[in-house]
Amino acid sequence: MHRKLAKTPPMGWNSWDCFGAAVTEKQLRENADYMAKYLKPYGWEYIVCDIQWYEPKSKDNDYNNFTELTIDEYGRLLPAENRFPSAKNGRGFKDIADYCHSLGLKFGIHIMRGIPRQAVHADMPVKNSKYSARQIAHHFSICSWNTDMYGLRNTQGAQDYYNSIFELYAQWGIDFIKCDDIAVTEFRKWDNPYSASYEIEMIRKAIDYCGRDMVLSLSPGPAEISTANHLGKNANMWRITGDFWDHWDKLHNMFDRCFLWQNEVKTGNFPDCDMLPLGRLSKNGVCHGPQNRMTQFTKPEQLTMMSLWGIFRSPLMMGGNMPENDEWTLALLTNEEYIKMHKTSFGAHQHYRNEKNGRGSIIWISNGKGCKYAALFNTKDADDTVKLDLSQILMPDENYTIYDIWNKKTLGSFKNTFKAQIPPHGAGLYKITKMK
């Protein structure tokens, strides 16, 4: 079958920012319940279980090196039953996926590229193949930060293995795959950071072969812009940054990342700014900040992140534990005009940037149906007025109505210049329409 394009940027929740490597079935279901009740009407739909779901001993954000994993007789990873009770009797993630589907949602999982070392050392057979695990594993292709897997050789047996795991995922009802250690193979950066390009192609073929449409997301980042064409042919989204967390320096760096990738945002192809570290984070351990914290971003910084991700049309993956959302966080995720911009706008680009030592003003512009969208950013450490020359993006000497998306109010009529007072590290997001 031919893959269906993800026509709009995927929107969902991923378990990593709040539960790390230790998420449980109960927590997945609780977040699915919350999404179905509060976010589904606004287009949010994916519940994604991140890394180490196959490890019985996971308890926090750290990886247990060379630990025993749960696998079947063909070397395919299975959910750890002590953490995912419904996986018993070989059911895998089917019951959880079915539950998400019953709520009108979709379900996804994180995988690492390659085959478990455990399967290779035991030389397990590959399902529906004449090859075994040792014959297809690449002993030199390993992940620099996780010890679970070997990469695969560029052989038919490797394709057979990928076909076998996606056959399993299709049986479970998986809708979304986040594949890691593949957009950039960090261990081999000195050689070729895109050394797993043929494995990306194998995964694409395996998805097309399995008979079930799945969104394919590739990590980690930053992906290299020179690989954009190949990424676009094989995946729906790919990370353009390293792991993103709730620190201003990481957020400020995303202006460079988005500018680099602004011309690669297309139907079915969405460069990924990574998860939204909003709300309750790091419940199982210290990770880039205190354990069990609310986001370290100030409210203005949260508006900057949401405005940039939205106008750039990055996929939106909420990172915090949603049942603990406060009213502010829920309001950010359910702003109707923002969601409309994210789904339907096009041609987003950096219109203006004037900074000294990383502090100043940045403006992004995109197009909507019968309107323009403008995101005005203040990267200074103090309040500042950011000015937009409307005559540069619209017909001069015409009157335009400006609607403040975050504050949900019409600001009035403007002709050639619009000015906004913006707090430090903050943003304003606006819809501009010609007055009738």
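These legends describe close-up views of a predicted model.

**View 1. An open parallel sheet of eight strands.** The strand order is β10-β9-β8-β7-β3-β2-β1-β13, and the pairing is parallel. β10 (270–272) and β13 (316–318) are the edge strands. Each has a single partner strand, so one side of each lacks a neighbour in the sheet. Neighbouring strands are turned by 25° against each other on average, direction ignored. Helix α6 (residues 156–172) packs on this sheet. The helix touches β3 (106–112) and β7 (176–180), and its direction makes about 155° with that of β3.

**View 2. The pairing of β1 with β2.** Strand β1 covers residues 11–14, and strand β2 covers residues 46–49. Three bridges join them in the parallel sense. Asn 14 stands opposite Val 48 in β2.

**View 3. An open antiparallel sheet of six strands.** Here the order is β14-β15-β16-β21-β18-β19. β14 (346–356) and β19 (409–414) form the edges, each pairing on one side only. From one strand to the next, the twist averages 20°. Helix α9 (residues 248–261) packs on the sheet and touches β14, β15 (359–368) and β16 (371–378). Its direction makes about 125° with that of β14. Helix α10 (residues 299–312) lies across β14, β15, β16 and β21 (426–434). Relative to β21, helix α10 runs at about 45°.

**View 4. The pairing of β18 with β19.** Strand β18 spans residues 400–404 and runs antiparallel to β19. Five bridges join the two strands. Tyr 403 has Thr 410 in β19 as its bridge partner.

View 5. Asp 384 has a relative accessible area of 16%, so the residue counts as buried. Its side chain makes a polar contact with the side chain of Lys 380, at 3.2 Å. Beyond its neighbours within four places in sequence, Asp 384 is in contact with Ser 361, Asn 378, Ala 420, Gln 421 and Ile 422. Pro 424 is 40 residues from Asp 384 in sequence, yet the C-alpha to C-alpha distance is 7.3 Å.

**View 6. The aromatic pair of Trp 53 and Trp 172.** The model has 22 aromatic pairs. In this one the rings are edge-to-face, 6.2 Å centre to centre, with 80° between the planes. The pair links distant parts of the chain, 119 residues apart. Trp 53 lies in the loop between β2 and α3 (94–102), and Trp 172 lies in helix α6. Trp 53 is buried at 0% relative accessibility. Trp 172 is also buried, at 3%. Both rings belong to a cluster linked by ring pairs, along with Tyr 54, Phe 84, Phe 93, Phe 107, Phe 166 and Tyr 169.

**View 7. The aromatic pair of Phe 244 and Trp 309.** This pair is tilted, 5.0 Å centre to centre, with 55° between the planes. Phe 244 sits in the loop between β9 (237–239) and α9, whereas Trp 309 is in helix α10. The two are 65 residues apart. Both are buried.

**View 8. Charged side chains over aromatic rings.** Arg 117 lies over the face of Tyr 150, at 5.0 Å from the ring centre. The charged end of Lys 299 sits over the ring of Trp 328, 4.8 Å from its centre.

Note on methods:
Residues are numbered from 1 along each chain as its sequence is written. This is a predicted model: local features need pLDDT of at least 70, side-chain atom pairs count only at pLDDT 80 or more; totals for chains, interfaces and linings use all residues. Side-chain values use heavy atoms; hydrogens and water are left out. Two strands pair if DSSP finds at least two bridges between them. Helices (H or I, at least four residues) and strands (E, at least two) are DSSP runs, numbered from the N terminus. Axes are lines fitted to C-alpha atoms, for helices over the stretch in contact, and angles run from 0 to 180 degrees between N-to-C directions. Contact means heavy atoms within 4.5 Å. Buried means under 20% relative accessible area, exposed over 50%, partly exposed in between (1.4 Å probe, protein chains only). A polar contact is a pair of N or O atoms within 3.5 Å; within protein, one must be able to donate a hydrogen and the other to accept it, and residues adjacent in sequence count only if both atoms are side-chain atoms. Rings of Phe, Tyr and Trp (its six-membered ring) pair if their centres lie within 6.5 Å; planes under 30 degrees apart count as stacked, over 60 as edge-to-face and the rest as tilted. A charge sits over a ring if NZ of Lys or CZ of Arg is within 6 Å of the ring centre and within 35 degrees of the ring normal.
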